Amino acid sequence: MTALSLSRMDYDVLNVVVLKKMATADAVTAVSGVDPTVVSDVLAALADHGLVVVAGGSALPTDGAESALAATAADRYAALRDDDAVAGLVDRFETTNAQFLTAMSSWQQVDMGGRKVANDHSAPDYDAKVIDRLHKLVTRLGPLFEALAGHDPRFARYPERFDAVLAAIDAGDHDLVSSPTRDSVHNIWFEFHEDLLRTLGRERTE
Amino acid sequence: MAEVLAEGYNVFDTSKSPSGTVKYLFSPADVISLIQSGKLAEHILLVRGGTTTFLAPALSMGAIGVITMSGAPESHLGILSREFQTPCVMTAYLTDSESRYVVGDTDEAHFEEIAKALDGRRVRLDCTDHEVGRVVADD
């Protein structure tokens, strides 16, 4: 079966559902900026096409969702994929991503004589160093965000989300570093990475 | 002493020792079906990789334990399992097999062998060691 080619709006909504794996219409609006009534209509149409399943008020992607996005991305981002400036920045992102994963692990776990134990967050200086590291790593993505947004303005929402979450962390909401259920640094980074790979037509590596 | 069926990286030390029937999840549809069945908490979830991103809804809805056949504790799934405090054994290998996962050099037979041996088996996860996570027979 040939994968469906999606309209720009359908792509933007389905992309958020696939990135979040499970998303309410409000969550899609918060990330995409698409009007909530439009999101609801688009989700209903995507469900009719068998690309999402709505359960318990949330949309979940079906097996056909990723292939529909991939097929559409191949056309939509053909010029971006040929952009050497983007390619160079993406190569550098791989290094930054590895450093980010290490930083996230050091937020969750502390090395005690070679043994990893849960970080109980009782050492403010240690936590502040990790947060400072996260600031620096996010800052390093600036040129990549800019280059991608030059091809598609939706990528400009990532730095906006990072700015908001880092400001909230600096104001004391440290749960936003790694919370799996909020728009945390980890979730935003992970979504960006997956979005980037799909945009480029690449697969994750272990 | 209970038989250790498989071992791998222990993502985090925990005294939690969940037991359940191993359920191999191959695709997003498998995860949706399991969540909709209402039987998520009866299963230890087996997936192929640490980058198996479709598992996230299962973790947020109360998965009790996870086994992966590739991937590192620093991966996205490792980070999520620590956040949800869901015991997780990564890059598990069968203790009675010579086959081991090697990045970029592992054929399908490796994954199929593990899935065949564990899928449907009742097991318990032992994640008390700071390095090695164990999948123990519980039937």
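This is a predicted model: local features need pLDDT of at least 70, side-chain atom pairs count only at pLDDT 80 or more; totals for chains, interfaces and linings use all residues.
From the N terminus on, the elements of chain B follow the order β-β-α-β-α-β-α-β-α-β-β, where helices (H or I, at least four residues) and strands (E, at least two) are DSSP runs numbered from the N terminus. Residues are numbered from 1 along each chain as its sequence is written, chains are lettered from A and ligands numbered from 1 in the order in which they are written, and side-chain values use heavy atoms, with hydrogens and water left out.

The overall form of chain B was examined next. Along its principal axes, the C-alpha trace of chain B spans about 35 × 35 × 30 Å. Of the 139 residues in chain B, 53% are buried (buried means under 20% relative accessible area, exposed over 50%, and partly exposed in between, with a 1.4 Å probe and protein chains only). Among the contacts in chain B with a separation of 6 or more, 56% join residues 24 or more positions apart, a contact being heavy atoms within 4.5 Å.

Chain B also meets chain A. In this interface, 30 residues of chain B are in contact with 25 residues of chain A. The size of an interface is often given as the accessible area lost when the parts come together. Between chain B and chain A the buried area is about 2300 Å², and carbon and sulfur atoms give 60% of that area; buried area is the accessible area (1.4 Å probe) that two parts lose on being put together, summed over both.

One salt bridge is counted between chain B and chain A, defined as a side-chain nitrogen of Lys or Arg within 4 Å of a carboxyl oxygen of Asp or Glu. The side chains of D13(B) and R115(A) form a salt bridge, with 2.7 Å from N to O. Nine residue pairs, both at pLDDT 80 or more, are in polar contact between chain B and chain A (a pair of N or O atoms within 3.5 Å; within protein, one must be able to donate a hydrogen and the other to accept it, and residues adjacent in sequence count only if both atoms are side-chain atoms). On the side of chain B that touches chain A, at least two residues each come from α1 (28-37), α2 (56-60) and α3 (76-84) of chain B. The most is given by α3(B), with six residues. The residues of this side of chain B divide into 14 nonpolar, twelve polar and four charged, where Ala, Val, Leu, Ile, Met, Phe, Trp, Tyr, Cys and Pro count as nonpolar, Asp, Glu, Lys and Arg as charged, and the others, Gly among them, as polar.

Individual positions in chain A were also considered. R198(A) lies in helix α10 (residues 185-200) of chain A and is buried, with a relative accessible area of 8%. Not counting residues up to four places away in sequence, the residues that R198(A) touches include Y11(A), E66(A) and R81(A). G33(A), in the loop between α2 (25-32) and α3 (36-48) of chain A, is partly exposed at 48% relative accessibility.
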